[in-house]
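Visitor: I have a model open and would like to learn how to read it. Can you take me through it step by step?

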Amino acid sequence: MQKKFDRGVERTRWLAGITVFAVLGLVGLLANPYVISLMTIVLLFTFLGQSWNLMLGIGGQLSIGHALFVGLGAYSVGVLYVRYGISPWVGLLTGMILAGSVGASIAWLSFRFEVRGIYFALLTIAAAEFARIMFSGWEFVGAMQGLFFPAPSGGIEISMLRGDARFYYFVALALAALGIIGTEFISRSYLGYVWRAMRDDESAARALGVRTFQHKILVISLSAAMAAAGGGVLALVQGSIFPDSIMGMGLSVDVLIGPVVGGLGTTFGPLVGSLAAIPLNHLMSALGDSLRIPGLNNITYGVVLISVVWFLPDGIWPAIVRLCKAIQAPPTAWLWHSRKVEE
Amino acid sequence: MLSLWLNVLASGILLGLVYGLVALGLTIIFGVMRVVNFAHGEMVVFGVYIGYWTVRLWNVPIIVAAAIAAVVMFAFGYLLEALIVKRFVNRPHHYQFIVFIGLSLLFSGTLLVAFGPDPRPTASQLSFQTVSLGLVTLDLARVQAAATAGLLIALLGAYLKFSPFGRSLRAAADNRLGGLIVGLNIPRIYAVTFGIGAACAGVAGALISPLFDAQPYLAVDFTLLAFVTVIVGGLGSFGGALLGGLVIGVAEAIAALMFTPSMKTALPYALLIIILVFRPRGFFGAKEI
């Protein structure tokens, strides 16, 4: 049996991670404004995808209403900043607490009577839609007309989280790095083992003494709080908040595409998936606009989702890892074989 | 005042029957195959477009349009199951959900490409005619739609209850492995089930085509409406879908009368959350999902 974290793999993972983030940092310093703005979205959705990945890939709970948590984070930042001039840092924290408690109450409502699986997934959509309709009719948060941030003054203000596109790129990069390192850290901790056990077989985990009810609420509220932080930054980057785009079904789908395409439950999956899917979506929207075919990007996303689940059910990233191993495997196997002969 | 309330109640019940038919399609597919059809709203919109085009091109009565929608959508659902869905039936729930989200994006994209994003007002003259019954005045389109939907629900119920095929379908729903052991043709049953579910959605779409403008973006609303209806009624339950449809239809009608129009769309969700607090599996929900 292979050990879970052997040292060689460990070193490769660290090297790979550092290389990837060094390249992404260089991109932020050198690339042109279009690439910067596209990559900011990619990195934000990496983080949002990581939060969704934590909930399904590690915790085993399917959410199709992650837009609810993203929207709560966005509105907390937006309302506090636009209406009262309070720093977005406070808004982010408020949003995380708010979304965490909403996530916990949805989880409590559903799990207290052992309602799980599909019912829980449907409940998350219903809650997100209910919130979207409520926010669309609520004048205080801008209703359908949306909430607009004042245009940035140009200078970088860390205390107010305001700056130019490049500044937000590095904020998104920091967030993505934090998401990846945090997930890696959690998945190796006690909680990670408990949550994966719960994901694979809830009854067995409970038989071993895991309080699955509490752990499910914990994983969901943690994921919701992460999504809210991502949503707050997303609102700052976009400069405006509309209920249909920040809390709609479309956003929930955008959040889950990254981890599904990249690889569920893996640490790098959301990054790889977002890198593949979001530029493709932008390309297809641009192509659809110029050819006057409005639904082209929907068709592409649909085909990509179906074919990933069909042909690469565990996503692109594990396939890449398998490929690397297959390339490396023959020489080492041969070496090992020859040494055995010598003995 | 009384006549106003009666009118609202009656039109809510009539539309509720059609919602019931939509939800029935979803619940039959779930009950037999344990799969949630996320693309159900798109299938309703396919039905709306079938209703729109048949009435516009050949000027046929809406019942004929519904029959055409039933045949077309049954074939569509059957083929969809046999070609794509069957590969995912035994996969974990979240994979199925993702496949169906993909299908729903694919279908809504296709609708957008084919018909464009602009709403098309109905060509049917039916939407202007009314019938009067004492205090109550009703849209003829609504009455026809509800009568057809009610009749179809009854026929489908009888078919599932009494026909040999309906019996084997229920057996497959009860116990898939047992069905396989006694020699049921499970793949065929699944394909037919999916066809029936799609046909329910399509017929409901064609029936309401005189009431709604044909528009691709309706799909999301119908998917969510069907979800809410089946959760209220209980996933996988025949009577639950019907009851859920009626409850949602009446609740929407009353909300539109008592509150602002935006509350009309929010009320089903509020109702859902209230029901989940007291009966988390809906009125007639299955014990194990």
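Visitor: What is the mean pLDDT of chain B?

Guide: This is a predicted model. The mean pLDDT of chain B is 84. In chain B, 93% of the residues reach 70 or more. For the complex, the predictor gives an ipTM of 0.82 and a pTM of 0.86.

Visitor: How many helices and strands are there in chain B?

Guide: Chain B has eleven helices and two strands. Read from the N terminus, the order is α-α-α-α-β-β-α-α-α-α-α-α-α.

Visitor: Why does the radius of gyration of chain B agree with a compact globule?

Guide: A compact globule of 289 residues would have a radius of gyration near 19 Å, and chain B has 19 Å, so the two agree. The C-alpha atoms of chain B fill a box of roughly 60 × 45 × 35 Å along the principal axes. Of the residues of chain B, 54% count as buried.

Visitor: Which residues have the most contacts inside the largest nonpolar core?

Guide: In soluble globular proteins, nonpolar side chains tend to be buried together. Here the largest nonpolar core has 206 residues. Those with the most contacts inside it are A:Val70, A:Leu305, B:Val18, B:Val22, B:Val203 and B:Ala204. Helix H1 of chain B, residues 2–33, gives the largest share of this core, 16 residues. Beyond four places in sequence, B:Ala204 touches residues including B:Val18, B:Val22 and B:Ala149.

Visitor: How many residues does each chain bring to the contact?

Guide: Chain A brings 38 residues and chain B brings 39. H5(A) supplies the largest share of chain A's side, twelve residues. That side divides into 30 nonpolar, seven polar and one charged.

How values were computed:
Residues are numbered from 1 along each chain as its sequence is written. Chains are lettered from A and ligands numbered from 1 in the order in which they are written. This is a predicted model: local features need pLDDT of at least 70, side-chain atom pairs count only at pLDDT 80 or more; totals for chains, interfaces and linings use all residues. pLDDT is the predictor's confidence in each residue, from 0 to 100. Two residues are in contact if their C-beta atoms, placed from the backbone, lie within 7 Å. Helices (H or I, at least four residues) and strands (E, at least two) are DSSP runs, numbered from the N terminus. Ala, Val, Leu, Ile, Met, Phe, Trp, Tyr, Cys and Pro count as nonpolar, Asp, Glu, Lys and Arg as charged, and the others, Gly among them, as polar. A nonpolar core is a set of buried Ala, Val, Leu, Ile, Met, Phe, Trp, Tyr and Cys residues joined through C-beta atoms within 7 Å. A residue is buried if 20 or more other C-beta atoms lie within 10 Å of its own, exposed if 12 or fewer, and partly exposed in between; C-beta atoms are placed from the backbone. The radius of gyration is taken over C-alpha atoms; the globule rule is 2.2 Å times the number of residues to the power 0.38.
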